[in-house]
Amino acid sequence: MGSEKTKNAQETKCDKCEEKVAITLAYGPHNFCEKHFTQFFENRFKKTVRKYKLIKPKEKILLAYSGGKDSSALIHLMKKFYSRSNTMEAIVIDEGVKGYRDNAINLAKKTCEELQLPCTVISFKKEFGITNDKLMPLILKNPKMGGTCAFCGTLRRNIMNKYAKKFSADKLATGHNLDDEVQSFVMNVFNNDFDRMKRMSATSGIIDHEGFVKRIKPLYETPEKEIIAYCAMKGIKHYSQECCPYSWTAKRNEYREMLNHFESRFPGTEYSILRFYENIKPLIRPSEKEKPALASKLHECKQCKEPTEKELCKACEMIKQIELEGKKNKSNKITNLQHLNKYNKALTCSTTKNRT
Ligand code: SF4
């Protein structure tokens, strides 16, 4: 009994000091008090930036900010470590989801004010003349149109790249974390999407082209669960009350659930998957010799001037598809929603919340 008690007392101490453990990271395993977890977390963030050469001094960084946990942590970390050597401002995208985005946007604007960061809100409505609330019923009615999040993500990427150029940013930083990246990798394997897989990493894209602003992911090696813990410990406000009402239609939820299961049974699984991808990356990406030929295939989209290999870029193609679908739906109402039964409505962003 006595030795058991001593062992428990030892186990509750931080690995680095005599303080009580605030967080245990099973993959280490690491036991940290608040101070040493913060140090560990921030050092890994800076190490990722150095390792993948994400930021150079004097560059202008546009921060993609949603008001959620990942981009809230990102904006605070960027301000803390890079605002002396770099200029930065934030862009917040309003997809037009009543009751969800409005609240997150208000929080994002307030945070930018507190951090003295210029902030611009760009809406789908202004850019494309639509809102997610109008768009999603059309997509849900027609299984051929693909997933709601695929639409939303494509339109968001179009806005981010366009505005990064407009604001003369050298880099566009997003809050993608380790979990997001590993989910994407596994999704690409399951979907046999080799082209998309090749473009993954802490910096997006495989070729340099003047039409694309490099997207960087400084939280590439940071687990989602630790971002939530860091925000809680540092008092970083973020919007977490509601999930997007359309998030239950994202296939990604299934991958998140599966990978969360593996990570909790076999800690370190997500890091292993990421390392595996980084090991094969040089083998699957085009060589320096092949890159100019790939870049030469790109030209301006006929409609929005964003770079594309086709006549219209993916976002403009989608808008065209939506317009056609809107017209069709007025005269020919589709009532069969059977295809939606494949989604598990219990899996939304709260799947993550519940495991913390
Ligand atoms: Fe868009 Fe999907 Fe995110 Fe909702 S959950 S904001 S639809 S990407």
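Student: Why is Gln-116 called exposed?

Tutor: Set the value against the cut-off: exposed means over 50% relative accessible area, buried under 20%, and partly exposed in between (1.4 Å probe, protein chains only). Gln-116 has 67% relative accessibility, so it counts as exposed. One caution: this is a predicted model, where local features need pLDDT of at least 70, side-chain atom pairs count only at pLDDT 80 or more, and totals for chains, interfaces and linings use all residues. Also, residues are numbered from 1 along each chain as its sequence is written, and side-chain values use heavy atoms, leaving out hydrogens and water.

Student: Where is Gln-116, then?

Tutor: Look in the loop between helix H4 (101-115) and strand E5 (119-123). Those labels are DSSP runs numbered from the N terminus: helices (H or I) have at least four residues, strands (E) at least two.

Student: What makes the phi of Gln-116 worth a look?

Tutor: Most residues other than glycine have a negative phi. Gln-116 isn't a glycine, yet its phi is positive, about 55°. Ser-168 also has a positive phi, near 55°. You'll find Ser-168 in the loop between H7 and strand E6 (171-173).

Student: What about Ile-139, and why does it get the label it has?

Tutor: Ile-139 comes out at 2% relative accessibility, so it counts as buried. This residue sits in helix H6. Leaving aside neighbours within four places in sequence, Ile-139 is in contact (heavy atoms within 4.5 Å) with Met-145, Gly-146, Gly-147, Thr-148 and Phe-151. Ile-322 is 183 residues away from Ile-139 in sequence, but their C-alphas are 8.1 Å apart.

Student: How much of the protein is buried?

Tutor: Buried residues are 49% of the 356 in the protein.

Student: What makes the bond between Gly-28 and Pro-29 stand out?

Tutor: Most peptide bonds are trans. The one joining Gly-28 and Pro-29 is cis, with omega about -5°. Pro-29 belongs to the loop between strand E1 (23-25) and strand E2 (30-32).

Student: At what angle do helices H11 and H12 pack, and what is that arrangement called?

Tutor: H11 (residues 252-265) and H12 (residues 269-284) pack at about 110°, with axes 8 Å apart. That makes H11 roughly perpendicular to H12. The rule is under 35 degrees for roughly parallel, over 145 for roughly antiparallel, 65 to 115 for roughly perpendicular, and oblique for the rest. Axes are lines fitted to C-alpha atoms, for helices over the stretch in contact, and angles run from 0 to 180 degrees between N-to-C directions.

Student: Which residues meet there?

Tutor: Leu-259, Phe-262 and Glu-263 of H11 meet Thr-269, Glu-270 and Ile-273 of H12. They divide into 3 nonpolar, 1 polar and 2 charged. Here Ala, Val, Leu, Ile, Met, Phe, Trp, Tyr, Cys and Pro are nonpolar, Asp, Glu, Lys and Arg are charged, and the others, Gly among them, are polar.

Student: Which residues are around the ligand?

Tutor: Asn-132, Met-136, Cys-149, Cys-152, Arg-156, Cys-244 and Ser-247, each with a heavy atom within 4 Å of it. By class, this shell has 4 nonpolar, 2 polar and 1 charged residues.

Student: Which helix gives the most to that shell?

Tutor: H7, with 3 residues. Helix H6 (132-141) and helix H7 (148-166) each supply at least two.
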